[in-house]
Amino acid sequence: MKYFVKFFVVTLMVFVCTHAIAEQKVAFLDMKHILNKSKAGKGAQDFLKKKFKENQKKFADKEIQLKKEENDLLQEKAGLTKEEYQKKATDLRKKVAGYQLERRASLEKLAEQRTEAKAQLLKKLDPILDSFISENKISLILDKKDVVKGDTQLDITEQIVEKLNKELPSINLN
């Protein structure tokens, strides 16, 4: 009788656990793909790349101008008094410091805009994922980078990109 009760309990546990596992539905998505290939993500990246290239050109031109001024000052050094040379050298150092400060501020602003764009995308993505989970009775969504191997039918990346494109066609970064 004792063995019969143990057998019954073990059998019951197996059926209950099997039923619980069968109800779990898992999906995965590629967050990097969503952030980079959605309309809003692409638009933000293009805007930031364009802004970066503009700034890079502007600062390259400014750097050439500062180097030219430095070379001119070195050529004039022989004809200037020590005080005049010191004054012009100090002015040039201030210009270089201003240039470096401006360049750093520009890069920080671009980084800030990039962070803001990502935050906006993620803010819009969260309710989309919530509705997708409830509509499809999904228990768990994983990022593709954390999945070693899986059935491609469980990949919901493109479906989420389509919904995100409808919800957020672009991001305003100005």
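The structure is a predicted model, in which local features need pLDDT of at least 70 and side-chain atom pairs count only at pLDDT 80 or more, while totals for chains, interfaces and linings use all residues. Residues are numbered from 1 along each chain as its sequence is written, and side-chain values use heavy atoms, with hydrogens and water left out.

The protein contains five helices and two strands, where helices (H or I, at least four residues) and strands (E, at least two) are DSSP runs numbered from the N terminus. Read from the N terminus, these elements follow the order α-β-α-α-α-β-α. Of the 174 residues, 22% count as buried, the term buried meaning under 20% relative accessible area, exposed meaning over 50%, and partly exposed covering the range in between (1.4 Å probe, protein chains only). The accessible surface of the protein amounts to about 13,400 Å², and 58% of that area belongs to carbon and sulfur atoms; accessible areas come from the Shrake-Rupley method with a 1.4 Å probe, and for residues only the protein chains shown count as cover. Among contacts (heavy atoms within 4.5 Å) between residues at least 6 apart in sequence, 86% join residues at least 24 apart.

Two surface patches are described here, a patch being made of residues with over 30% relative accessible area and no salt bridge, with like charges joined within 9 Å and nonpolar side chains (Val, Leu, Ile, Met, Phe, Trp, Tyr) within 5 Å. A salt bridge is taken as a side-chain nitrogen of Lys or Arg within 4 Å of a carboxyl oxygen of Asp or Glu. The nonpolar patch, of about 200 Å², is made by Val26, Leu140 and Leu142. Valine 26 belongs to strand 1 (residues 26–29) and counts as partly exposed because its relative accessibility is 34%. The positive patch is formed by Lys37, Lys42, Lys49 and Lys53, and helix 3 (residues 39–76) gives the most to this patch, with three residues. Lysine 49 is located in helix 3 and, at 52% relative accessibility, counts as exposed.

Strand 2 (residues 140–143) includes aspartate 143, which is buried yet has no salt bridge, the nearest side chain of opposite charge being that of lysine 145, 4.2 Å away. Not counting residues up to four places away in sequence, aspartate 143 touches Leu29, Asp30 and Met31. In the loop between helix 4 (82–136) and strand 2, lysine 137 has a positive phi of about 50° although it is not a glycine. Lysine 137 counts as exposed, since its relative accessibility is 67%.

Leucine 110 lies in helix 4 and counts as buried because its relative accessibility is 10%. When neighbours within four places in sequence are left aside, leucine 110 is in contact with Leu48, Lys51, Phe52 and Asn55. The C-alpha atoms of leucine 110 and asparagine 55 are separated by 9.9 Å, the two residues being 55 residues apart along the chain.

Glutamate 167, in helix 5 (residues 157–167), is partly exposed, with a relative accessible area of 47%. Apart from neighbours within four places in sequence, glutamate 167 is in contact with Lys124 and Ile128; between glutamate 167 and lysine 124, which are 43 residues apart in sequence, the distance from C-alpha to C-alpha is 7.5 Å.

How values were computed. Lys, Arg positive; Asp, Glu negative; His and termini not counted. Charge placed at Lys NZ, Arg CZ, Asp CG, Glu CD.
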